[in-house]
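Here is a short note for a first look at this model. Please keep the structure open while reading the points.

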Amino acid sequence: MRSTARQALTALGAVGVAGAAALTWGIGIERHLYTLRQHTVAVLPEGSDPIRILHVSDVHMAPWQVRKQAWLASLASLRPDLIIDTGDNLGHEDALRGIRAGFAGFAGVPGAYVYGSNDVFSPAPRNPFRYFSGPSKFIEDAPRLDIEGLDSFLSDGLGWNSVDNGAASVDIRGHRIDIIGTGDAHRQWDRLDELPTHAAALRAQESDLPRLTIGVTHAPYRRVLDAFAAEGADMIFAGHTHGGQIRIPGVGALVANCDIPLSQSRGLSSWPSATRPIPLNVSAGLGHSIYAPIRFACRPEASLITLVPRKG
């Protein structure tokens with residue numbers, strides 16, 4: 001009897017040690033291991049020059065996060081042709097100076113962006129274990145953040161285009177890239193009824209260049225991805241999921257914080273459509289809520305997507 005009790009206590013102690021080690025790793029180390037994911041996607045016409053797209057998302061910046069700011073700034077050395085920002089840049093009331101420090105080197109590089117709800121409302125303390133109970137709830141009286149300052153910096157300071165329930169076109173390397181976007185579907189700010197109008201307006205613009213259509217959204221809800229597919233998107237970019245933030249090795253994400261399949265909560269995959277599968281890149285993002293400072297088996301990331309000609 002004593003032997004059995006001793007074995008149980010030993011096993012319990014081992015579980016406790018493993019749990020403490022995982023927390024130490026996730027809080028103290030992995031959340032700072034910024035990683036660049038690189039993918040090649042064949043969507044361009046034959047004979048096209050490659051187009052390099054830097055995808056950043058879910059920075060959730062706080063002013064003291066200087067390592068994150070420095071790593072973001074270093075990405076300017078990649079010299080991307082286009083930057084796609086899928087929102088949740090802010091994570092603190094004084095986040096904007098950190099965003100300026102991280103993004104200043106991208107001035108003059110064509111870009112497009114949408115917002116997440118955390119660009120509008122400040123994060124609030126909550127039980128972190130509720131994250132695993134399903135899509136996060138809203139705190140309606142959360143303080144507002146400086147989204148106006150963020151918009152001014154991204155549009156006037158960097159020269160990027162807001163496609164938050166809107167659209168824009170840019171000419172890059174001999175291609176006309178039409179970009180259509182939505183508001184944050186997690187907060188039901190997506191105006192999908194307006195998407196066909198925006199897409200049609202872009203198609204009506206005359207251009208002799210080969211065209212490519214990109215869909216940009218914060219939260220990759222199925223209804224949004226299907227709407228992009230209906231408008232002929234050649235590729236879709238999204239964030240919001242944090243890749244699950246805490247993943248189980250060999251299993252993957254336990255939650256996606258939206259209705260996308262868990263297997264597509266991080267990285268490059270394909271979204272089905274009536275005519276063809278559409279490349280979908282869901283960024284696990286660079287940050288986290290300041291009230292849930294942990295990542296496990298899910299390093300913070302940005303993505304460099306190189307578009308190349310289709311084979312055959």
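1. Strands here are DSSP runs of type E with at least two residues, and helices are H or I runs of at least four; both are numbered from the N terminus. With that in hand, find the loop between strand S6 (167-172) and strand S7 (175-181), where Arg173 sits. Note that the model is predicted.

2. Look at the backbone of Arg173. Its phi is positive, about 50 degrees, although Arg173 is not a glycine. Most residues other than glycine have a negative phi.

3. Gln245 also deserves a look. Its phi is positive too, near 70 degrees, and Gln245 is not a glycine either. Gln245 lies in the loop between strand S9 (235-238) and strand S10 (247-248).

4. Are these two residues buried or exposed? Arg173 is partly exposed, with a relative accessible area of 49%. Gln245 is buried, because its relative accessible area is 7% and the cut-off for buried is under 20%.

5. Now turn to the largest nonpolar core. It has 31 residues. Leu54, Val56, Leu72, Leu75, Ile99, Phe103 and Trp160 have the most contacts inside it. Strand S2 (51-56), helix H2 (66-74), helix H3 (96-103), helix H4 (147-157) and strand S14 (301-309) each supply at least two of the core residues. H4 gives the most, with four residues.

6. Which residues does Ile99 contact, leaving aside its neighbours within four places in sequence? They are Val59, Met61, Asn89, Leu90, Leu150 and Phe153. Ile99 is also among the core residues with the most contacts inside the core.

Notes:
Residues numbered from 1 in each chain as written. Predicted model: local features only at pLDDT ≥ 70, side-chain atom pairs only at ≥ 80, totals over all residues. Heavy atoms only, no water. Buried < 20%, exposed > 50% of the residue type's maximum accessible area, 1.4 Å probe, protein only. Core = buried A, V, L, I, M, F, W, Y, C linked by side-chain atoms within 4.5 Å. Contact = heavy atoms within 4.5 Å.
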